[in-house]
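Subject: Structure handover

Hello,

Please find the model below, for you to take over. My notes on it come after.

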Amino acid sequence: MRLFFNAVVHVFDPALPVPRTVSDLAPANALLVGDDGKVLASGGVEDLRARAAELSAPAEASGASATNPGVSALEEIDLGGRVVVPGLVDAHLHVLSYAESLAEVDLRGTATLEEAIAVLRAYAADLPDGMWLTGGRWDFNKWGLAQQPDRELLDAAFPDRPVALSSIDFHTLWCNGAALRAAGVDASTADPAGGAIVRDAHGEATGILRETAADLVWAVVPDLPLEVRVEYLRRAQQEWLAEGLTSVHDIDGAASREAWEELRARGEQRMRVVKYLRPEELAWAVEASWHTGGGDAWFTQGGLKLFSDGALGSQSSHMSKAYPHAHDEPENYGIQITTEDQLVEQITEALAHGIAPAIHAIGDQANHHVLNAYARTAELAEAARARTGLPLRGRIEHAQFVQPGDVDRFRELGIIASMQPRHCISDLHLIERLRPDEALAAYAWTDLEDSGAVVAFGSDGPVEPSNPFAAIYAAMTRADISGDPATSYQRERRMSACRAWRAHSWAPAFAAGIEERAGHLGAGADADFLVLDIDPFTFRDDSGAVVGDGVSGEYASEEALFAHAEALRDATPVLTVVAGEVAYEREAARAAV
């Protein structure tokens with residue numbers, strides 16, 4: 001057993017009402033964790049010492065004279081007056097894509113197309129001959145271009161090496177001629193359903209592949225060897241633990257699943273994962289008897305990721321009003337990757353096998369169609385829950401733009417809004433340029449939660465950085481990551497630090513159907529928590545006076561709000577604890593007693 005004491009422990013007991021003020025948190029000052037990695041109790045340190053003594057006392061009823069053989073001796077860990085909070089969970093992370101991106105070329109810092117080509121040349125100089133150049137994360141909106149780039153400069157720099165570079169939102173692929181030739185893409189290649197091959201005036205592919213058209217090239221890009229994938233995952237796992245993540249919902253495909261399985265087989269998995277399926281894995285999953293909620297506490301089987309539309313930055317999110325366009329260009333409402341009828345078919349098939357859907361929808365029209373599809377399959381979903389005994393909670397991934405009349409439908413249909421606060425503040429330049437309809441509920445996590453829906457937060461990494469503390473800052477301020485209050489977008493939709501923390505801990509557990517054991521520190525829960533040297537829910541000025549309530553979201557001034565939000569943005573855990581074991585330690589901060 002372990003006793004973590006001398007701390008302010010915010011339990012977030014789900015049996016109690018949702019806290020509205022700091023006084024509602026009723027924090028404990030110690031946490032007792034059993035040998036099974038679960039919370040035994042929270043409370044006062046002397047009471048918990050007495051509880052530990054009872055558990056480890058001789059089993060008198062059986063006449064045994066030895067210490068209870070199922071309980072270890074008590075280890076006490078002094079946390080030095082710091083704050084304990086439930087571990088943070090990323091409800092939408094592309095795990096292997098993120099892990100690989102740490103080693104791939106990164107164009108996010110480039111200001112022009114020419115600078116991007118120079119970065120690519122420098123990176124490629126160290127690659128073996130014939131190896132694909134991948135990575136990217138480019139944003140043509142920041143290059144001063146009126147439209148996405150073509151292959152001309154790529155062909156000049158790399159006439160023979162295949163190049164396939166994802167846009168920052170991962171919904172557009174920029175390729176050179178060598179990559180197109182390898183994939184067999186030419187003027188005669190038809191646009192696939194839900195995608196577009198951008199062509200020049202002569203019908204030739206420009207090198208830009210949008211949405212499902214990118215799959216034509218990805219199908220011929222060689223997979224990384226399993227050994228390399230596992231090593232990338234191991235490094236990324238350590239970064240996530242250092243950021244305060246104790247669990248992730250992995251949205252990537254089979255290659256990522258294989259890496260997790262191998263990492264665990266080596267005894268190196270140190271954080272939990274809820275693994276989602278991609279459409280191409282469904283047949284395998286059915287054969288393997290995969291069902292949402294299966295697996296165990298370290299590898300939980302999740303739902304099926306489906307797609308309705310594209311992304312805002314690529315102007316492929318499906319909107320009810322056209323994007324701004326020149327007078328000689330056709331109107332663009334985005335791309336409907338999957339029709340409403342097709343979504344109904346996909347949801348029906350998933351539910352038949354006990355698998356919950358998780359459907360990507362960014363544009364307001366996409367969200368409308370997805371909600372319609374969920375409504376049309378509501379009776380099937382209820383029957384599947386009754387048949388399997390599983391919650392099978394449907395999700396909408398991103399839900400960035402929602403028609404006002406659709407806000408309440410999330411609650412009415414029991415649909416989780418899986419949202420990413422960093423998207424709001426990263427999209428500030430896009431909002432200004434693309435001018436989405438102001439009547440829409442945009443990045444409206446408070447509207448959805450106030451209506452009674454459950455909102456689960458994630459990062460969508462590597463589209464955004466995975467740091468959850470920066471996401472909480474974004475939810476609190478809706479302002480540029482630099483901390484400029486003047487950039488705050490629709491400040492009436494700000495969220496308190498406490499609500500954002502629940503959205504990043506309890507809500508992902510609820511979405512996965514494991515809320516009884518995860519997302520809080522009540523008795524019987526997984527002992528996954530962070531030790532911080534900042535209190536997320538109370539903010540004091542330099543004199544020690546309380547100037548901010550992180551539960552209610554009330555602050556003495558705008559300056560106090562931003563000071564608290566920025567302090568959280570820059571925070572890092574002192575300890576990250578998973579299953580009662582220290583998985584990450586920032587510094588020598590504990591003292592064994």
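Helices and strands in these notes are DSSP runs, numbered from the N terminus; a helix needs at least four residues (H or I) and a strand at least two (E). By that count, helix α7 is followed by G244, whose phi is positive, near 100°. The model is predicted.

Overall

The protein has 20 helices and 27 strands. Its radius of gyration is 25 Å, close to the 25 Å that the globule rule gives for 593 residues, so the protein is as compact as a globular protein of that length. The C-alpha trace spans about 90 × 55 × 55 Å along its principal axes. Of the 593 residues, 57% count as buried. The accessible surface comes to about 23,400 Å², and carbon and sulfur atoms account for 50% of it. Taking contacts between residues at least 6 apart in sequence, 73% join residues at least 24 apart.

Helix α7 covers residues 226–243. Its 18 residues should span 26 Å at 1.5 Å a residue, and the end C-alpha atoms are 25 Å apart, which agrees. The buried residues of α7 are R229, V230, Y232, L233, A236, Q237, W240, L241 and E243.

Helix α3 (residues 113–124) has twelve residues and reaches 17 Å from its first C-alpha to its last, close to the expected 16 Å. L113, A116, I117, L120 and A124 are buried in α3. Seen down the axis of α3, these buried residues fall within an arc of 100°, so they line one face of the helix. The elements that the buried residues of α3 pack against are β6 (105–106), β7 (133–138), α4 (152–157), β8 (163–167) and β9 (172–175).

Helix α10 (residues 340–352) has 13 residues, and its first and last C-alpha atoms are 18 Å apart, close to the 18 Å expected. Buried in α10 are E340, L343, V344, I347, A350 and L351. Seen down the axis of α10, they stay within an arc of 130°, so they too line one face of their helix. Their cover includes β14 (299–307), β15 (357–361), α11 (364–376) and α12 (378–388). Just after α10, G354 takes a positive phi of about 70°.

Backbone points to check

E211 lies in strand β11. With a relative accessible area of 9%, E211 falls under the 20% cut-off and is therefore buried. Y443 sits in the loop between β19 (441–442) and α16 (445–450), and at 1% relative accessibility Y443 counts as buried.

The peptide bond from G461 to P462 is cis, with omega near 10°. P462 is found in the loop between β20 (455–457) and α17 (468–477).

Two loop residues

Q403 lies in the loop between β17 (401–402) and α13 (407–413). Is Q403 buried or exposed? Buried is the answer, because its relative accessibility is 18% and the cut-off is under 20%. Which side chains make polar contacts with the side chain of Q403? One is the side chain of D364, at 2.9 Å; another is the side chain of Q365, at 3.1 Å. Not counting residues up to four places away in sequence, Q403 touches S320, D364, Q365, H368 and L440.

A201 is in the loop between β10 (195–199) and β11 (205–211). With a relative accessible area of 82%, A201 is exposed. A201 and D535 are 334 residues apart in sequence, and their C-alpha atoms are 59 Å apart in space.

Regards

Key:
Residues are numbered from 1 along each chain as its sequence is written. This is a predicted model: local features need pLDDT of at least 70, side-chain atom pairs count only at pLDDT 80 or more; totals for chains, interfaces and linings use all residues. Side-chain values use heavy atoms; hydrogens and water are left out. The expected span of a helix is 1.5 Å times one less than its number of residues. Buried means under 20% relative accessible area, exposed over 50%, partly exposed in between (1.4 Å probe, protein chains only). The arc is that of the directions from the helix axis to the C-beta atoms. Contact means heavy atoms within 4.5 Å. The radius of gyration is taken over C-alpha atoms; the globule rule is 2.2 Å times the number of residues to the power 0.38. Accessible areas come from the Shrake-Rupley method with a 1.4 Å probe; for residues, only the protein chains shown count as cover. A polar contact is a pair of N or O atoms within 3.5 Å; within protein, one must be able to donate a hydrogen and the other to accept it, and residues adjacent in sequence count only if both atoms are side-chain atoms.
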